[in-house]
Amino acid sequence: MVSVNNNYHIKEYLNEKLVQGCGTNTNVDAFVKYLGLSTQNVFNDTDFYECAINGFNGICNQEKLSRLFKCAAEIDGVPMPWYYDVIGLLGIKLAVVASKNDILIGAFNSWIENFLRFAVKKQKFNLHEETLAKFVLSEDVSNKVSSPVVLLLLHYKGLYELQPDLKDFCIAEFWKIYTKVEDISSVWLMAALIYVFNNISEEQATVPANNWSLENLISFLEKISVGLNCWTWEEKPKTRNSTPVKWLIENEYHVQNLLYVLLAPIFPRIKKEINLPQQGHKNPRADIYIPELHLIIEVKYRKDKAKTFADLTEELAADKTLYTASEEYEKCKLVAFLWDNQASTEEHQKFKNGIDGLKFDGCVVVSSPSCMRSS
């Protein structure tokens, strides 16, 4: 058993296992290199293995492929090496696709039909291998009973495009498999898990987000106040030849900018002030949208006591009605973020309760630093 504390510890563990497992299967070694997880050159001059290695390297030897496609899958009832080798067959498919030769592609399809479909029916493959085999057979694999690891692998490699809903489902299911490292012994699957993990991490977080959830985001936003004790508010210069600086937060736009600065390294696809579909005479615009979580942060700024909490609640209720009227955003999560320049902390919980009653998915209230309020 392995003890891991987070997803990056799991990756380190998988990397160690991957290094230990490489060197025993030529096609798997070529696949690992294809995923960018190894720089080791792989060589085998047997037609099947050489053609598979070539495919992973984007090379096509049409003569050797044509010769291979004339070979029987079994001799005297004994399966040939490629009969159950889905990784090698993936390499062959890549080589054939690279050829852009319709005759060669047709010969490949006829060749694999003679054995791979039967191999799948014999249930000799696990879910991951079966999904890969169906892809090699050019079957539709866009369903929720396919391997999420393989679907994401194909998607990130540009071999198969996943629609957003299925991609989100696959990512959610991926984490369930990824965290069960004790159950993983296949070298190629370890490589696939690492590759997919790297792509999800790059896509979702420049700073490691460890698969952020709504709860993670709200917890992060609530902790912003912890760092405000270092807010720049200088009465005299800090260094020679400099002038005192005060970071002013005077309106909603300033608060939006602050949140964007804090969240953009975590969610690279974040957008600020996006226009939503028009509703009658209204042109709703979301303050901050995080595609990774399909979530809108609606920002409010309470400058002085003239802006009451009741006013803010009414504004947020109107915002929610406009956002959810759009089919594209009706299921979008909504979080209210209030910057309270008056620091009326005695009112904050009542305000949060009111926003919860509007069925927002979260509400965060942050008071401006005391130095700013005393000016």
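**Note on the predicted chain: burial, cores and backbone**

1. Ala343 is buried, at a relative accessible area of 19%, where buried means under 20% relative accessible area, exposed over 50% and partly exposed in between, with a 1.4 Å probe and protein chains only. Ala343 sits in the loop between β6 (333–340) and α16 (345–357); helices (H or I, at least four residues) and strands (E, at least two) are DSSP runs numbered from the N terminus. The phi of Ala343 is positive, about 55°, although the residue is not a glycine.

2. The model is predicted: local features need pLDDT of at least 70, side-chain atom pairs count only at pLDDT 80 or more, and totals for chains, interfaces and linings use all residues. Residues are numbered from 1 along each chain as its sequence is written, and side-chain values use heavy atoms, with hydrogens and water left out.

3. Ser138 also has a positive phi, near 65°, and is a residue other than glycine. Ser138 lies in the loop between α8 (127–136) and α9 (148–156). With 52% relative accessibility, Ser138 counts as exposed, whereas Ala343 is buried.

4. As to the overall form, the chain holds 17 helices and seven strands. The radius of gyration of the chain is 28 Å, while a compact globule of 375 residues would have one near 21 Å; the radius is taken over C-alpha atoms, and the globule rule is 2.2 Å times the number of residues to the power 0.38. Along the principal axes, the C-alpha atoms fill a box of roughly 90 × 55 × 40 Å.

5. Of the 375 residues, 46% count as buried. The accessible surface of the chain is about 19600 Å², and carbon and sulfur atoms hold 48% of that surface; areas come from the Shrake-Rupley method with a 1.4 Å probe, and for residues only the protein chains shown count as cover. Among contacts (heavy atoms within 4.5 Å) with a separation of 6 or more, 63% join residues 24 or more positions apart.

6. The largest nonpolar core has 72 residues, and Phe31, Ile92, Trp111 and Phe174 have the most contacts inside it. Helix α11 (residues 187–204) supplies the largest share of this core, twelve residues. A second, separate core of 30 residues includes Leu217, Trp231, Ile288 and Ile290. Such a core is a set of buried Ala, Val, Leu, Ile, Met, Phe, Trp, Tyr and Cys residues joined through side-chain atoms within 4.5 Å. In soluble globular proteins, nonpolar side chains tend to be buried together.

7. Beyond its neighbours within four places in sequence, Trp111 is in contact with Leu68, Phe69, Cys71, Trp82, Leu89 and Ile92.

8. Ile184, in the loop between α10 (164–178) and α11, counts as buried at 10% relative accessibility. Neighbours within four places in sequence aside, Ile184 is in contact with Ile177, Leu189, Met190 and Leu193. Lys17 is 167 residues from Ile184 in sequence, yet their C-alpha atoms are 9.8 Å apart in space.

9. Val120 belongs to helix α7 (residues 116–121) and counts as buried at 14% relative accessibility. Not counting residues up to four places away in sequence, Val120 touches Phe125, Glu130, Ala133, Lys134 and Leu137. One of these, Lys134, is 14 residues from Val120 in sequence and 8.2 Å away, C-alpha to C-alpha.
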